[in-house]
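Hello,

Here is the structure for your files. Please open it next to this message; my notes follow below.

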Amino acid sequence: MALVHTGRLFSLGLDVLVYSCKRPFQVREFLEQAWFIARVSSLPTALFAIPFGATISLLLYQLLDQFGAASATGAGGVLAITQQAAPIVTALLISGAGGSAIAADLGARTIREEIDAMRVLGIDPVKRLVVPRVLAMMYVAAVLNGLASVVGVAGGYFFNVIVQGGTPGAYISSFNLLAQAPDIFVSELKAIVFGFVAGIVAAYRGLNPPPGAKGVGDAVNQTVVISFISVYMINLVMTQVYLLVVPPKGL
């Protein structure tokens, strides 16, 4: 049964990719969904990125100070936040806030038989409802990833300089010691992929909820859990591939 759901999930993802390239495109639906997801996810993402950046900065400073390399805290912090923390934070908030809302909306439409009514009328619910929501998740994820990166680096700077007494100039000047342009590109790519996966999972669970009103709640919970697990697994694979393809700076 798990393989059946996995196959249907991949099939839905392929349908979304195909329909995204076909006209007409639901511009209004896309804008409404993008605005809604950004509204419910922006502030939590910023607030969530601060402790991530602070924790990374605090741990790196304690570790590097033992080797007399505390001035490289900024380099390690920017690399860790940009490559790993920012996309993960974005994915978690997008999945938890936006994904759960999409699953609840589509699940409610399904149990009210609105989705079946659309099919009877010759309207494809995937093209009409799912595609704009998934694309909105991808777009907002890319934007929020930039926000999480900036806020995370700022949080790391504050805790390193103010709390630990680090040198502001050393923290900032070490930014380009390890970081490079491809780090930003892979960070954005991760965010877009995570947004796509979270949107597909939310749409699939919303279109296929267990029977009854309780089933919608179960579908929402399943959406969050499956999205989190998928994000971590995909992040592991993408990080490994990136490190093999793009060598570390200076090597």
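In which helix does Ser 227 lie? Ser 227 sits in helix H9, residues 213–245. Helices here are DSSP runs of H or I with at least four residues, strands are runs of E with at least two, and both are numbered from the N terminus.

Before the rest, the ground rules. This is a predicted model, with local features needing pLDDT of at least 70, side-chain atom pairs counting only at pLDDT 80 or more, and totals for chains, interfaces and linings using all residues. Residues are numbered from 1 along each chain as its sequence is written, and side-chain values use heavy atoms, with hydrogens and water left out.

Back to Ser 227. Its relative accessible area is 0%, so Ser 227 is buried. (Buried means under 20% relative accessible area, exposed over 50%, partly exposed in between, with a 1.4 Å probe and protein chains only.) Leaving aside residues up to four places away in sequence, Ser 227 touches Ser 95, Ala 198 and Val 201. A contact means heavy atoms within 4.5 Å.

The overall picture:
- The protein has nine helices and zero strands.
- Its C-alpha trace spans about 70 × 35 × 35 Å along the principal axes.
- Of its 251 residues, 45% count as buried.
- Among contacts with a separation of 6 or more, 86% join residues 24 or more positions apart.

Next, a helix pair. Two packed helices are described by the angle between their axes and the distance between the axes. The axes of H5 (residues 125–163) and H8 (residues 181–207) come within 8 Å and cross at roughly 145°. These axes are lines fitted to C-alpha atoms over the stretch in contact, and angles run from 0 to 180 degrees between N-to-C directions. From H5, the residues that meet H8 include Val 130, Met 137, Ala 141 and Gly 146. On the H8 side, Ala 191, Gly 195, Ala 198 and Gly 199 are among them.

Two loop sites deserve a look. A cis peptide bond joins Arg 23 and Pro 24, with omega about 0°. Pro 24 lies in the loop between H1 (2–19) and H2 (27–65). Glu 113 is not a glycine, yet has a positive phi of about 65°. Glu 113 is in the loop between H3 (73–111) and H4 (114–120). Is Glu 113 buried or exposed? Glu 113 is exposed, because its relative accessible area is 53%.

Best wishes
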